[in-house]
Amino acid sequence: MSRKLVIDPVTRIEGHGKVVVHLDDNNQVVDAKLHVVEFRGFERFIQGHPYWEAPILLQRICGICFVSHHLCGAKVLDDMVGVGLRSGISLTSTAEKMRRLGHYAQMLQSHQTAFFYLLVPEMLFGIEGAPEQRNILGLIEANPELVKRVVMLRKWGQELIKAVLGKRMHGIHSIPGGVLKNLSVQERDRFLHGHDGLLNMDQIIEYAQDGLKLYHEFHEKNRARVDSFGVVPALDMCLVNDAGNVDYYHGNLRVIDQDKNIVTEFDYHDYLDHFSEAVEEWSYMKFPYLKALGREAGSLRVGPLARLNITQSLSTPLAQAELERFQAYTKGRANYMTLHTNWARAIEILHAAELIRDLLNDPDLQNDQLILTPPPNAWTGEGVGVVEAPRGVLLHHYRANESGEITSANLIVSTTQNNQVINRTVRSVAEDYLNGQAEITEGMMNALEVGIRAYDPCLSCATHALGQMPLQVSVYDAAGELVHERQR
Amino acid sequence: MNASAEIAWPRLADFDRPDALIYGIGNVGRQDDGLGWAFIDWIEEQGLCPQASLLRNYQLLFEDAELISHCSRVLFVDASRAKGLESFAIERAQAKMDYSFTSHAISIPSIMATCALCFQRQPEVWVLAIKGYEWELQTGLTALAQRNLQAAQEQLHPACATEST
């Protein structure tokens, strides 16, 4: 009797999806997929809106990585009005640094949310831990001091986002050709020195290392499991600068293989020449891949693990020291261990904090040259923007008519880029945990979720999903009869 | 920091103090989900509770545990679709980890429990739940929700009932 296991929806990810695992008569895994079954379609309803509304509207896709969408959209608008990096007319240094400051604050925020609220409960209580304990509320009861530090860290990040972008969520300050405001000395000092009940910068750097300490303790105790869980080879991709180091705001897209050979590197404006997308009837999420290599060989991993596989170095000292440890672990080869994504994420929390410190100490942020005026007849009506969102490469592409109304929009979000690799991870974990098992336990189901959660997938972004369902697990036999069901 | 004299049944005037917070939860882009914000709008328009902090948010966040740790008295105002609720209800909330957390939503009792565990504070928290009926992507309250909002306003601030008659 073959069986089908359904986990619907996956918990503690942004948005909702379900996992279906097919087992044969001997309870061997024959297939496993992440189904994404909800749809909203922001690309369609932005059509007809004035082009300048796009970075404001499209960031509403998400309540977590809205800054990434906002800045990505702003970069598209720079292209459209004929200024910015595509045109060879750079934004003012103050404008670019303000955007970067907001971007790094978002990186700090989003990674902390994923790491401490969604992932740490697994580290502390174990994959097989009781579900009622294995969550943030269990963490609060077990370690309130840690959660207090995380709350204070997140509050600081939220206030910084508000200072830079105008609002705690869904900011408004990035506009075509620049930004609407700089950072006053008073605002800067508030974050550096910790006025108004905020942490100061030294505390931020200290607290930002909590994630790494937790990760290393967890890794030390569970080395074999962490290193063997969901090992999934794939090409890695991220934005790099001229030195070959990750640049979270701008650069070329670089793709590497396991030996860190450069498979391809290109200007993201030419993405249509390089990418194709496969469609499956069982998911609203597409499957991007490199055209030249085909879907199987050309699927990509993006996000923290990919970035730290690709980058030669990090520009801040504490993060650089940890990067050296991270890269030495795989002896210089690319790291494909899914749970090491959480190590990479913890390094990026620290790196973001250090980058923010450096920017806050940069007097350029107090300059008032904020917006470039486009030269006459510079309007191009089309633009492409890419940033490194917390979850990986995020791409926006808009076209507008001569009246400035958007005629088409294409969004390829990080979770979509990771779709194929996430599905491979689901398959790998299913084989390791479900093969030959007569009964499906809570711990086995959660192992599948842990594999998915390592990518911190945002299905809201990837499909623009809405809504919430209870968790239900159903097992069917080959005839479609329900033989086992669990509900959370 | 506990309130020095706890109240049996609150009036809006009980929240007119510097260490009080009135917090509207909801989304004005989803019809009656905007009830919480509409209540805050009304307080501002009427110039009520000038000493209290007023806040609107789409949803509660864990950071709100730190926020309410600075308060002695808090009033959360939210729309409700509870079947048993006829118009509105005001109830004293109790701290409790209820494990309903997702990254999109956390309950008021869980925020209070987080506040107690992480910040060792337990403010006096009240919840004003106002019945709503429609939740589609549209601005504006339904007539029934508007009626419930007015009833809640009159209950918490009887002077406005007198003014409107």
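# Notebook: predicted model, chains A and B

**Confidence.** I looked up the confidence of chain A first: the average pLDDT (the predictor's confidence in each residue, from 0 to 100) is 87, and 89% of the residues score at least 70. Residues 463-476 of chain A fall below 50, yet this stretch has 53 contacts in the model beyond near neighbours in sequence. I count a contact when the C-beta atoms of two residues, placed from the backbone, lie within 7 Å. Where pLDDT is low, the predicted coordinates should not be read in detail.

**Conventions.** This is a predicted model, so I note that local features need pLDDT of at least 70, that side-chain atom pairs count only at pLDDT 80 or more, and that totals for chains, interfaces and linings use all residues. Residues are numbered from 1 along each chain as its sequence is written, while chains are lettered from A and ligands numbered from 1 in the order in which they are written.

**Chain B, overall.** I listed the secondary structure of chain B and got 5 helices and 5 strands. Helices (H or I, at least four residues) and strands (E, at least two) are DSSP runs, numbered from the N terminus. From the N terminus on, the order of elements in chain B is β-α-β-α-β-β-α-β-α-α. The C-alpha trace of chain B spans about 45 × 35 × 25 Å along its principal axes. I then checked the radius of gyration, taken over C-alpha atoms, against the globule rule of 2.2 Å times the number of residues to the power 0.38. For 165 residues a compact globule would come near 15 Å, and chain B has 15 Å, which agrees. Of the contacts in chain B with a separation of 6 or more, 74% are between residues 24 or more positions apart.

**Chain B, burial and strands.** In chain B, 43% of the 165 residues are buried. The cut-offs are 20 or more other C-beta atoms within 10 Å of the residue's own for buried, 12 or fewer for exposed, and partly exposed in between, with C-beta atoms placed from the backbone. I looked at strand β3 (residues 73-80) of chain B, where 7 of the 8 residues are buried. Two strands pair if DSSP finds at least two bridges between them. β3(B) pairs with β1(B) in the parallel sense over 5 bridges, and Val77(B) is the bridge partner of Gly24(B). Strand β5 (residues 124-131) of chain B also runs parallel to β3(B), joined to it by 8 bridges; here Leu75(B) stands opposite Trp126(B).

**Nonpolar core.** A nonpolar core is a set of buried Ala, Val, Leu, Ile, Met, Phe, Trp, Tyr and Cys residues joined through C-beta atoms within 7 Å. The largest one has 183 residues, of which Ile347(A), Val386(A) and Ile22(B) touch the most other members. Helix α4 (residues 93-125) of chain A gives the most to this core, with 15 residues. I followed up Ile22(B): setting aside residues up to four places away in sequence, its contacts include Phe15(B), Ile40(B), Leu75(B) and Val77(B).

**Chain A, helix α18.** The 12 residues should span 16 Å, and the end C-alpha atoms are 16 Å apart, which agrees. Because 10 of the 12 residues of α18(A) are buried, the helix is largely enclosed by the rest of the structure. The buried residues include Met444(A), Glu449(A) and Arg453(A).

**Chain A, sheet.** I traced an open sheet of 4 strands in chain A, ordered β8-β7-β6-β11, with mixed pairing. β8 and β11 (300-301) of chain A stand at the edges with a single partner strand each, so one side of each has no neighbour in the sheet. Strand β6 (residues 235-240) of chain A and β7(A) run antiparallel, joined by 5 bridges. Leu239(A) stands opposite Leu253(A) in β7(A).

**Loop residues.** Lys260(A) lies in the loop between β7 (252-256) and β8 (262-266) of chain A. Lys260(A) has a positive phi of about 65° although it is not a glycine, and counts as partly exposed because it has 14 C-beta neighbours inside 10 Å. Gln31(B), another non-glycine, has a positive phi of about 50° and sits in the loop between β1 (20-25) and α1 (35-46) of chain B. With 21 C-beta neighbours inside 10 Å, Gln31(B) counts as buried.

Conventions. Expected span 1.5 Å × (residues − 1).
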